[in-house]
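The sequence and structure are shown first.

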Amino acid sequence: MQRQDGISPISTTDFSRVVEVWEASVRATHNFLSEADIQFFKPLVLNGLSQIAQLDCVRDHQGEVIGFMGVVENKIEMLFVDPSWRGQGIGRQLVQHAIEILGATKVDVNEQNEQAVGFYLQMGFEVEGRSQFDSMSKPFPLLHLRLKT
């Protein structure tokens, strides 16, 4: 059921489409990842979806997921938008929902994904720290961002 803000919950029947959006988005924005990296992460993303407390999306007119985010406690754990829908405010809509409705105040972003870093800074986040490796101990530095107060 779509809420008034255009955000709807993701169900398990959406998971295959969510992974498609994830992969297309990663291929368009994460040029620092190899094909082997993408294939490594893909099953982890699918298996991890059921572990995300709050999983919401924006859908097109046919009901297909075109952008999604996952929030655990006060942290945006994932945000991906289908590349054919980028630049249309979907990411902004999802982040505003995460902040205003779900109380999100933190997000980690790949330092090498300059577009995402710029997006979150524009959305009111600031860098509060950095890790040399990602959560899988891979050499993809993360920036830890917190919403400005």
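## Terms and model

A residue is called buried when its relative accessible area is under 20%, and exposed when that area is over 50%. The model discussed here is predicted.

## Helix H4

Helix H4 spans residues 114-122. Its buried residues are Ala116, Val117 and Tyr120. Viewed down the helix axis, these buried residues fall within an arc of 100°, so they line one face of H4. The face turned away from that buried side carries Glu114 and Gln122, both of which are exposed.

The buried residues of H4 pack against several elements: E4, H3, E5, strand E6 (125-131) and E7. After H4 comes Gly124, which has a positive phi, near 105°.

## The largest nonpolar core

The largest nonpolar core comprises 23 residues, and Ile76, Tyr120 and Phe125 touch the most other members. Two or more residues each come from strands E3 (65-72), E4 (75-81), E5 (106-110) and E7 (142-147), and from helices H3 (90-100) and H4. Helix H3 provides the largest share of this core, 4 residues.

## A separate core

Another core, of 21 residues, lies apart from the largest one. Among its members are Val21, Phe32, Val45 and Phe140.

Conventions. Residues numbered from 1 in each chain as written. Predicted model: local features only at pLDDT ≥ 70, side-chain atom pairs only at ≥ 80, totals over all residues. Heavy atoms only, no water. Core = buried A, V, L, I, M, F, W, Y, C linked by side-chain atoms within 4.5 Å. Buried < 20%, exposed > 50% of the residue type's maximum accessible area, 1.4 Å probe, protein only. Arc of directions from axis to C-beta. Contact = heavy atoms within 4.5 Å.
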